[in-house]
Amino acid sequence: MTASLALGTYRVRDVVEAARMAVQAGTPWIDTAPNYADGQALHDLGRVLREAAPSPPLVATKTGFFTRSQGRAALSRGLLTEHDASAGHCLDPSFVGYQVEEALALLGQVDLMFVHNPERAGRGVDRSAMHWRLREAFTVLEEQVHEGQIPGYGVATWSGLREGAFSVPELLALAREAAGSPDHHLIAVQMPVGLIDDAPIKQALYGGGPLVQAKGDGLITFGSAPLHGGELLDAMTPELVDLIRPGLSAGAAGVLAAASCPALDFVLTSTTNRDHWDDAVKALASPLDPEHLRRVTDELATG
């Protein structure tokens, strides 16, 4: 099996154009956050979702980061301290609840609410304090689920799972504590998956790592940054592209390698170009088998 292609909106300059393209292409998910597109991502995406009614794609957004103007607005309402407002990231329960409400108002739907880079909340504090903050955020999100505001929540991390700030079993334990029972609503994890830092791929190929753990516990798995913000394109030699699959563009080859990672459900790509999207979808129709993907990662290790 290969992961399905979904739209990510990080660093997308025109969210409306990208979202319209992805909706027309049949994307199953659109992933966004309140701080994307200089704070306009949710406004712009909400417009496209209303156009796509009555059958819009599923939408994942996030809580944690915010822009300066969003921080000033929350500060004026007493939802942030001066310190948090200047930091640009906060997981205090009242602020998490506020960001859920804002997302619902702007988007009209939230199908998944990620806690965004919770490892950021651990800077300058010990690991147990960071886990306490995560549990507090989960508790608010559990309440939002019970109130019918969201179906579930997840964790979208850049380095937390890779660097050991938390593990999938620890996240599940925190969710159970937040819910007060085994019936929690932590339903997804998101982490970078690609050839620039291919540790998650290598781990999954050998039956281990966070993606395999998450999938084994029934969580939806999302891979972000398959091209690592375009950095991978500079490393994609013609020989490497041919090893992945002759005839592909460098971008499609990179996305295919990420999407072929075992235990990955969705790979997020940020594009407004329909040709790039279609090229990737066509490539993903025939995933790399595990032995083929191992040869690709081995080549990178020796190259």
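**Salt bridges in the predicted model**

Reader: Is Asp-265 buried or exposed?

Author: In this predicted model, Asp-265 counts as buried, with a relative accessibility of 18%. The cut-off for buried is under 20%.

Reader: Which side chain does Asp-265 meet in a salt bridge?

Author: Asp-265 pairs with Lys-215, at 2.5 Å from N to O. The two residues are 50 apart in the chain: Asp-265 sits in the loop between helix H13 (250-259) and strand E8 (266-269), and Lys-215 in helix H10 (residues 209-216). Lys-215 is partly exposed, at 38%.

Reader: How many salt bridges does the structure hold?

Author: The structure holds 10. One of them joins Glu-51 to Arg-20, with the closest N and O atoms 2.7 Å apart.

Reader: Why does the pair of Glu-51 and Arg-20 tie together separate parts?

Author: Glu-51 belongs to helix H2 (residues 41-52) and Arg-20 to helix H1 (residues 15-25), so the bridge connects parts 31 residues apart in sequence. Glu-51 is partly exposed at 45% relative accessible area, and Arg-20 is partly exposed at 32%.

Reader: Turning to helix H8, which residue there is paired with Arg-127?

Author: That residue is Glu-170, whose salt bridge with Arg-127 has its closest N and O atoms 2.7 Å apart. Helix H8 covers residues 168-179, while Arg-127 is in helix H6 (residues 127-146), and the partners are 43 residues apart. Glu-170 is partly exposed at 25%, as is Arg-127 at 40%.

Reader: Which residues are linked in a network of salt bridges?

Author: Arg-162, Glu-163 and Asp-197 are linked in such a network.

How values were computed:
Residues are numbered from 1 along each chain as its sequence is written. This is a predicted model: local features need pLDDT of at least 70, side-chain atom pairs count only at pLDDT 80 or more; totals for chains, interfaces and linings use all residues. Side-chain values use heavy atoms; hydrogens and water are left out. A salt bridge is a side-chain nitrogen of Lys or Arg within 4 Å of a carboxyl oxygen of Asp or Glu. Helices (H or I, at least four residues) and strands (E, at least two) are DSSP runs, numbered from the N terminus. Buried means under 20% relative accessible area, exposed over 50%, partly exposed in between (1.4 Å probe, protein chains only).
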